[in-house]
Amino acid sequence: MEIFQGVLYGFQVALQPINLLYCFLGVFIGTLVGVLPGLGPAAAIALLLPSTFAVSPVSAIIMLAGIYYGAMYGGSTTSILVNIPGEAASVVTCMDGYAMARQGRAGPALGMAAFASFIAGTLSIVALTFLAPLLVRVGLSFGPPEYFALMLLGITLVTYFARGSMLKALMMAGVGLLLGTVGADTISGRQRFVFGIQTLADGVGRVPVIMGLFGVSEVLLNLEQIGGTREIFAAPTRGLLPNREDWRRSTIPILRGSVLGFFLGILPGAGAIIASFAAYAVEKRASKHPERFGTGMIEGVAGPEAANNAAAGGAFIPLLTLGIPANAVMAILLGALMIHGLQPGPLLVKQAPDVFWGIITSMYVGNVMLLILNLPLIGLWVGLLKVPYQLLFPFILLFCLIGSYSVSNNVGDGIVMWVFGILGYLMKKFDYEGAPLILAMVIGPMMEETLRQSLILSAGSFAIFVSRPISAGFLVAAVVLLMLPLVRRRAAALRTADAE
Amino acid sequence: MPRDLVGGLFWLAVAIFAASQGVTLKLGSLSRPGPGFFPFWGGVILGLFSLALLARSLGQAERLSLAGIRWPMFLLVVGALLGYLLALESLGFVIITVLFLLILFRAAGRRWLFSAALSLVAAGLAHVIFRVWLKTQLPVGPLGF
């Protein structure tokens, strides 16, 4: 079996001491940024990307991936103990997790969050292991029209899952597409939107844009909201193990959350945040006592925590098999692979099997490390929560400055980050989401290339997108998604008209 | 002013600019799309969405409000970031980092002695972590660090 050979080979790579070290560094930093509110995995990975230039691509990606799924573990700690989500994907964990902490059951809540994360994380990697090679085969049969249609569907999904207005999300996707065209045109080589600015000649840097939108702007926003001291429950270093009753109630939610999270994770734009909310809603509906949710139901911790970790695994599928990022973090990983001279997509498994299988198997190892980091060492992370934000934010800003500068040792990239920091702050104030912008900016150049290649192939006829069944299918799905909000609003309007 | 009016106008301007640049860059033909093809149509689509937002904003009850912004802190942080970037190459990484942290700790209400000590220690640590350990290329100042 091809897959088992791959997994075996992957473990040989992932278990090399140097890769174990980088995996540990990754999950450690991941837990750290997960615990700290106001610093997310996207900004952290963007920050550390430049420091991986000197190491091998496998080690680099193993570490960066570790930050991502590690953050899913860390986020729950802050939610449960402080009632502030350490990570956007842990927002729902606050509801019942914090309620459990108030009842003196912080230990089992933290313990169950860690176990649920571990079980779901591992299950989703198993699914990833088996599903990825299949999708690679599908991806190999795609031509430019299929890729273009798929990316269009991806962007539509991102805007569909956006939290606020879909119209604003579509606008941000449009801005991202335009930002992606800055720099030399890949086909004709002509400079576009450069205006003699050296920094823009190679395009707008992804890392500075991400650090601006997700790092600097977040700090600017948090500085308005802080004030007062956080109440942290006493460090529960003992009594972390959930009892038999907790396990009985949590087993099914964990399994349901794993499946739901994994599939939502694959979809561009859905990801860990939506998965955790969906899992909470499902558990509430499935429960015999939905009215007791929010008062410390362990199902409300286990389900969402399983879902966000499973989603983190699922998100790797489109990146590793099709070269299409499903969220902002995957967009940076895509950039990281390319900086290391690898082309993400269906050919990755052939060209760099060590990277493909090494990343996947390193996640099994990383999840075991995370379980250890989050159970016996929980006291360390609780201590970290006691550092006030006023002392923390100068360091976050400093990291952003160093990170954006060191991508290419260029002050211009720092200025790009500064501009997008202010823009991101205004976007947050006026309810524009950053994720569609980033995603469109990253896949924009690929979309442009495949669109133009398709049109050259078809001698200028758009029929090529609908005459090929797979691309037609993607396009139909995209159109349906675009229409859904309109249809729903019309239906709601009709219903209120009937009622009157 | 309706809340989304300014945003709609801003993005509409961006869209018009992009589309006009697209025309200058040459659209090419459908069978051979040129370098301006994608920016032009991208601009057109963004423009249409912006117009939709503008139309929607006219009936909007929510007004534009900047009341929640803590201007002194906002301007200080934004200014400190820009100052850091502009002075980084002439002052060198360590000096500008000390100054940057010192200003922000002071702004956050910490005492002089505490702020100075923490800034010095942190800049030293950053020097060790980034320059020595991670081998990041950071600008060297007139004093050699």
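Two residues are in contact if their C-beta atoms, placed from the backbone, lie within 7 Å. Keep that in mind.

This is a predicted model: local features need pLDDT of at least 70, side-chain atom pairs count only at pLDDT 80 or more, and totals for chains, interfaces and linings use all residues. Residues are numbered from 1 along each chain as its sequence is written, and chains are lettered from A and ligands numbered from 1 in the order in which they are written.

Start with one residue. Which residues does Ile45(A) touch? Leave out residues up to four places away in sequence, and the partners are Leu64(A), Ile67(A), Tyr68(A), Val329(A) and Ile332(A).

Now zoom out to the core. A nonpolar core is a set of buried Ala, Val, Leu, Ile, Met, Phe, Trp, Tyr and Cys residues joined through C-beta atoms within 7 Å. Buried means 20 or more other C-beta atoms within 10 Å of a residue's own; exposed means 12 or fewer; partly exposed is in between, with C-beta atoms placed from the backbone. The largest nonpolar core has 208 residues. Ile45(A) is among those with the most contacts inside it, along with Ile61(A), Leu64(A), Ile210(A), Ile332(A), Leu333(A) and Ile438(A). Helix H6 (residues 106-140) of chain A gives this core the most, 17 residues. Helices here are DSSP runs of H or I, at least four residues, and strands are runs of E, at least two, numbered from the N terminus.

The C-alpha centres of the two domains lie 41 Å apart.

Next, the interface. Chain B puts 52 residues into the contact, and chain A puts in 43 residues. Which helix of chain B gives the most to that side? H2(B), with 11 residues. The side of chain B that touches chain A has 35 nonpolar, 13 polar and four charged residues. Nonpolar covers Ala, Val, Leu, Ile, Met, Phe, Trp, Tyr, Cys and Pro; charged covers Asp, Glu, Lys and Arg; the others, Gly among them, are polar.

Last, some backbone angles. Most residues other than glycine have a negative phi. Phe193(A) has a positive phi of about 55 degrees. It lies in the loop between strand S2 (191-192) and helix H9 (206-225) of chain A. Asn409(A) has a positive phi of about 50 degrees. Asn409(A) sits in the loop between helix H18 (389-406) and helix H19 (411-429) of chain A. Asn409(A) counts as partly exposed because 13 other C-beta atoms lie within 10 Å.

Terms used: Domain bounds come from an automatic or database domain assignment.
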